[in-house]
Amino acid sequence: MSKELMNKKDLERALTRMAHEIIEKNKGISNLCLIGIQRGGVHLARRLAAKIGSIEQKDIPVGSLDIAFYRDDLNIRKQQPIVRKTDIPFEVNDLKIVLVDDVLFTGRSIRSAMDALMDIGRPAAIQLAVLIDRGHRELPIKADYVGKNIPTSLSETVEVQMEEEGLDDRVILKKMDAGGEKGAQ
Amino acid sequence: MRGERKVLSSKDLLGIKELSREEITLVLDTAAGFKDILGRDIKKVPTLRGKTTVNLFFEPSTRTRTSFELAAKRLSTDVINFSVPTSSVVKGESLVDTALTVQALGADFIVIRHASSGVPHLLARHLHASVINAGDGTNEHPTQALLDAFTIREKKGRIAGLTVAIVGDIMHSRVAKSNIYCLKTLGADVRLIGPPTLIPRNLRETGVAIFHNMEDGLKGADVLIMLRIQMERQGKGFFPSTEEYAKNWGLTPERLSRAKEDVIVMHPGPMNRGIEIVSEIADGPKSVILEQVTNGIAVRMSVMYLLSGVKR
Amino acid sequence: MKLLIKNGRLIDPSQGLDGVGDLTIEDGKIAGIALHAAPQRGGRAKNSPSDARREVSSPDDLRIIDARGMVVMPGLIDMHVHLREPGYEHKETIRTGTMAAIRGGVTTVCCMPNTFPVNDNASVTEFIKRKAAEEGFCTVLPIGAITKGQKGEELAEIGTMTKEGCIAFSDDGNPVMNSLIMRRALEYSQAFNVPILSHSEDLSLSRGGVMNEGLLSLTLGLTGSPAEAEQIMIFRDIVLAELTGGVLHIAHVSTERSVEIVRHAKERGVRITAETCPHYFTLTEEAVRGYDTNAKVNPPLRTARDVEAIIRGLRDGTIDVITTDHAPHHKDEKMREFDEAPSGISGLETALALSLKLVEKGDLTLGQLVEKMAQNPARILGTEKGTLRVGADADVVVVDTAREFLVDPDSFISKGKNTPFRGWTLKGAPVFTIVGGVVYEW
């Protein structure tokens, strides 16, 4: 059973707004970069970077970050997470990083991502952009830029589908069956 | 996160023979992620924090043991080195008892090297810790083959369809055997080059080509894996002298030119410079010997990471 | 005490007997056989040549066993068993070994001399015989060593040991490498009418080998022992037997060419006999893959071709005897590196069922099986057993050929739990083993 929360147009508008917010809050894009968290944040980070680039007429560095090695739930997961690419082709020291993820839920993925970034270098600041904030935080983590706030119950799951993965752009809300796995999203 | 089910099927790494093509590929893919980490300032991840690795080496080996030790430490496990002369094995304790004692001390990973084939298999049967074979008798040395495959794949982009020549003392080399299984499983064409006394005839039944003339064997090769000639073999009639060996099967620039232009030269180490390989090549542009060492740590981290995810 | 075993299928090739009937036992001897009449149109009832029907006189002194649907055969004679006592009692004792034997339907056991001390003199022979009489569950016939200490250098006192009770001589565990000594043994033994049982293995070729030499041993990184090590020595032993006129019996034949060599020698009229063991016609070297030390045995398990040749050799009579080469070891000794573990399979409790598989497959008739496991051993050893003739010792086994069981070595009676057949489901087990009239029921 699933319900569409955002369609292609909604997504497009949200990303455009977030791009403007990022530029506004940082007073431009100097010393700024975007890093998408594998897997859900990678395409979003690229799209945001493209939009920001066309607004400011200047490219902004984009990277991707895999957090498998920094997860806090390795012992209890039913299956081991697949290791994906960390590709940050620039120095992060003294840079402002906007972490990008698709859904903010418990906040644990973000904590893992921050630990990973700290091991890679010493950023000047870290901000957080998420397409969906579905609540139920377990750590004191807050997003700076949110596409849409969606209150959910724990028996539901939020899925972001994107063209880059071969599906139409949309965000859907699904009711999980009893066997679903609760994982940081 | 949507999980794709990709796991190893056994809690132990006993040999390449026991791995499927998918499992080998999984180890190599995961190793790529770990290699990134080794390029950073902070060469460490907290992934296996709190776990304990015990190196149980019954045969001396500085380089393999150090590589495993570093891999374990980079994953944040605690590492204990247990080498035979200092242990109670000399006092007559049985192998299985030693391993059970080590497990009772809290070992999650036991890396074992032993002169007798089949010892890792014996221990794996009795332990719930993960047993990693670091070399058993003349059976296998699986992590060496995996790091060799990783190196080849990184340099050449693939393994299937490549011509790989393994040169030297095949008969006594567990490295050669693991490499033969691994490369064949991944679809490479494997050639063995060396004197007849050091290449068992039965190997022809496994589909590898055997050459005793090095020039012929090297023609068109994409990858060369040079094996160390063990000096202890010299007195036993396998070849008359190291000089004669070097003359016939030593890798020289002239012989190397028979291979493809973009051939890569590998060696598991330690090298006998001037015997199986000349310094000019070992230190030259086609050599990837030092990268093998770095890749070894990444591959061993990958193995430990994946084994830790196997449910008992 | 009289015993009547009725309605069983009586099988005794020594009398050409195979039919349903009754067997009576009295005072430890076979007292009578009566075949049931087969209803035939106008024909006489078929009787056995030694038919002597005794009336059942006093019912209170009589035990009746109904062997309907079961096979009644002479008690098995296993001429190659390691009882380990004296000296290796942690592996097995005469008591536990003979108990395991009767569990497997074996009523006579010949024990090899590689004990500690070696059975190379009359006093050790006497010890074994006395222990067997006091604690054994079946007849024990000791095999004496050919050479002192089994070292292969000097002949042991074959004559004195024969007088003391040794039934045959062997250095089993070791070959007699020195051809001159082997020649002397084959010559000298004739004075005492005893056979030489040869463990044929050329040690210089098999040195260090822990499994069959071949692609598998190369793959597993284990030193192999080539088939030729066995074949060369069998050939040598046969040539010496021909030279001397001695009585030679080849132990545990395991390879195709070994069978051929024996076959040719028999065709030429040489006086030799040969034996094999169930593992050589049931398993191949593949059982070693995975480094299971329970599959480590000497001679080693060979290839599928060798297995087929062994079965053919049994069928055509080239191989006369099936023995177990029962070689029990302590669990700790087998739980070691493959290179270090001792060789041997604990076989007394699985041999009958594994051999019956050949009957089920049609490779042997039941009568041939009884020949290989009772009649021929008796003939080779020169004893009057292995038969159901009236007047013979009442060594009988009643077998339910349909009874299935799971091979569970932890519940073996033998101290040796070392078997590669753990977990197998086998068919065919003794229900009653009768030794000299004494009945054991399973």
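Of the two pairs of chains in contact, which chains share the most contacts? Chains A and B do. The legends below describe close-up views of this predicted model.

**View 1. The three chains are joined through two pairs of chains in contact.** Chains A and B form the pair that shares the most contacts. Chain B also touches chain C, with 22 residues of chain B in contact with 14 residues of chain C. Chain A and chain C, by contrast, do not touch, and their nearest C-alpha atoms lie 28 Å apart.

**View 2. Chain B meets chain A through 23 residues of chain B and 25 residues of chain A.** The two chains bury about 2200 Å² between them, and carbon and sulfur atoms account for 48% of this area. Two residue pairs, both at pLDDT 80 or more, are in polar contact between chain B and chain A. Helix H1 (21-38) and helix H11 (289-308) of chain B each supply at least two residues of the side of chain B that touches chain A. H1(B) gives the most to this side, with five residues. By residue type, the side of chain B that touches chain A consists of eight nonpolar, six polar and nine charged residues.

**View 3. The interface of chain B and chain C buries about 1400 Å².** Carbon and sulfur atoms give 60% of that area. Ten residue pairs, both at pLDDT 80 or more, are in polar contact across this interface, while the count of salt bridges is zero. Helix H3 (95-104), helix H4 (119-126) and helix H6 (174-185) of chain B each supply at least two residues of the side of chain B that touches chain C. The largest share of this side comes from H4(B), with five residues. Seven nonpolar, ten polar and five charged residues make up the side of chain B that touches chain C.

**View 4. Five strands of chain B form an open sheet with parallel pairing.** The strand order is E7-E6-E5-E8-E9. Strand E7 (209-211) and strand E9 (264-266) of chain B stand at the edges; each has a single partner strand, so one side of each has no neighbour in the sheet. On average, neighbouring strands of this sheet are turned by 20 degrees against each other, direction ignored.

**View 5. Strand E5 (residues 163-167) and strand E6 (residues 189-193) of chain B run parallel.** Five bridges join these two strands. Val164(B) has Val190(B) in E6(B) as its bridge partner. Helix H5 (residues 142-156) of chain B packs on the sheet, where it touches strand E8 (223-226) and E9 of chain B. The direction of H5 makes about 165 degrees with that of E9(B).

Conventions. Residues numbered from 1 in each chain as written. Chains lettered and ligands numbered in written order. Predicted model: local features only at pLDDT ≥ 70, side-chain atom pairs only at ≥ 80, totals over all residues. Heavy atoms only, no water. Contact = heavy atoms within 4.5 Å. Buried area = accessible area lost by both parts, 1.4 Å probe. Polar contact = N/O pair within 3.5 Å; in protein donor to acceptor, adjacent residues only side chain to side chain. Helix = DSSP H or I, 4+ residues; strand = E, 2+ residues; numbered from the N terminus. Nonpolar A, V, L, I, M, F, W, Y, C, P; charged D, E, K, R; others polar. Pairing = 2+ DSSP bridges. Axes fitted to C-alpha atoms, helices over the stretch in contact; angles between N-to-C directions. Salt bridge = Lys/Arg side-chain N within 4 Å of Asp/Glu carboxyl O.
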